[in-house]
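Try each one before reading its solution.

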Amino acid sequence: MSHDYILVYGKDSSIIQTNGIARTDESDNRYQNPDNDPRGPWKSSDLSVGPAVKANIYPITTPSGRVVEPPAGRSWRLSRHAFRERLQDNRIWFGKNGDAIPSMKRFKSELRKSGITPMTIWNYKEVGHSQSATQDLQKLMGGKKYFDYPKPVPLIQRCIQLYTEEDSIVMDFFAGSATTAHAVMQQNAEDGGKRQYILVQIPEKTDPKKDAFQDGYKTICDIGEERIRRAGKKIKEETDADIDYGFRCFKVDSSNMKDVYHAPADVEQLSLDCFEDNIKEDRTPEDLLIQVMLDLGILLSSDIETQEIAGKKVFSVADDYLLACFDKDVTEETVIEIAKKKPFYAVFRDNSMANDSVAANFEQIFETYSPETVRKVL
């Protein structure tokens with residue numbers, strides 16, 4: 001047989017608990033109530049256990065008068081005293097005719113977890129395998145095989161279902177084809193959860209001779225991003241679940257700010273113009289916003305909206321907690337309207353102001369309309 005193995009780690013194994021596999025009609029139908037016990041449906045459980053414990057080897061007389069003992073090499077799992085207690089509480093079952101080998105009654109209503117304890121081996125019929133995962137991803141990506149040996153979505157989804165809460169953050173440091181993101185969205189769609197995911201992947205280049213590269217996917221990250229988009233669309237169409245399918249993609253890069261480490265003697269008067277803007281030319285307003293959010297400790301998952309204030313583009317983060325404007329030629333009108341919204345943070349570019357008058361009045365405007373706002377300038 002062929003096996004794959006999953007290694008599960010936790011910071012503290014003593015607090016790791018499984019939610020159990022979601023119950024099915026088949027598993028629930030195993031619970032019956034042939035004796036009309038008021039505690040509800042139950043199923044019988046073997047009363048014997050091995051290896052044998054000598055003190056727990058004793059005869060039991062059934063209601064029909066038959067005397068039974070545990071099988072060879074085994075003993076009863078209950079002591080004599082514990083057995084008598086459960087017998088008096090109607091938790092021992094001797095069969096409909098009262099002459100069967102005794103078993104324990106385990107009530108569905110008394111289950112500690114709503115789910116089923118997972119077995120050590122997960123059958124591919126339940127969680128898929130590499131071949132089915134490859135076929136599913138190929139179908140999702142329009143019939144092209146862009147990725148070798150992706151993990152099956154049902155496999156990762158089961159791990160998520162077993163060991164996360166409905167508001168957990170799932171992190172995958174080896175994102176690959178983004179199966180984890182797909183599985184998180186699928187699980188959220190099925191149980192109404194609000195789980196979020198963080199995926200990390202080195203931008204490994206694709207083979208120029210393969211379909212992925214020729215179709216515009218220059219790195220593995222490109223494949224993963226498109227897979228998330230398509231998976232989200234597919235899940236939404238199939239389930240109509242009310243969940244957020246959006247995601248943000250970030251990459252590690254150098255600072256947005258120019259390197260200006262020069263000794264005064266190295267700078268001539270005519271070259272001072274190069275310091276007019278301290279932000280690199282190829283950086284977008286969105287780049288600057290992300291830097292500001294990181295600097296201020298604002299979650300990158302926060303809601304971001306764009307507003308137009310006096311003709312300028314203004315980013316509103318977390319319902320005006322942060323207002324940032326990186327446009328140039330910002331007038332007093334824009335500054336006043338931003339101050340009137342009373343954000344906790346207000347951020348502008350160093351050379352944003354339309355003229356020296358606006359720059360000179362900047363602090364006074366905020367002191368007038370929103371003195372508590374923390375002002376930042378890039």
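**Exercise 1.** In this predicted model, find in which sense β1 and strand β7 pair, and over how many bridges.

*Solution.* Start with β7, at residues 103-107: β1 and β7 run antiparallel to each other, with five bridges between them. For one of these positions, take Lys43, whose bridge partner in β7 is Arg106. Now widen the view: three strands make up an open sheet, ordered β1-β7-β6, with antiparallel pairing. The edge strands are β1 (42-46) and β6 (92-93), each of which pairs on one side only.

**Exercise 2.** Work out how helix α6 packs against helix α8, starting from the angle and the distance between their axes.

*Solution.* Angles under 35 degrees count as roughly parallel, so α6 is roughly parallel to α8. The crossing of the two helices is right-handed. Next, look at the contact: α6 contributes Thr179, Ala181, His182, Met185, Gln186 and Ala189, which meet Arg227, Ile228, Ala231, Gly232, Ile235 and Thr239 of α8. Sorted by class, this contact holds six nonpolar, five polar and one charged residues.

**Exercise 3.** Classify the ring pair of Tyr321 and Phe344.

*Solution.* The model has ten aromatic pairs. In the pair of Tyr321 and Phe344, the ring centres are 5.1 Å apart and the planes lie at 5 degrees, so the pair is stacked. Finally, place the residues: Tyr321 is in the loop between β11 (312-317) and β12 (322-325), and Phe344 is in the loop between α10 (332-340) and β13 (345-348), so the pair ties together parts 23 residues apart in sequence.

Definitions and conventions
Residues numbered from 1 in each chain as written. Predicted model: local features only at pLDDT ≥ 70, side-chain atom pairs only at ≥ 80, totals over all residues. Heavy atoms only, no water. Axes fitted to C-alpha atoms, helices over the stretch in contact; angles between N-to-C directions. Helix = DSSP H or I, 4+ residues; strand = E, 2+ residues; numbered from the N terminus. Parallel < 35°, antiparallel > 145°, perpendicular 65-115°, else oblique. Left-handed = near helix turned anticlockwise from the far one by under 90°. Contact = heavy atoms within 4.5 Å. Nonpolar A, V, L, I, M, F, W, Y, C, P; charged D, E, K, R; others polar. Pairing = 2+ DSSP bridges. Phe/Tyr/Trp six-rings, centres within 6.5 Å; stacked < 30°, edge-to-face > 60°.
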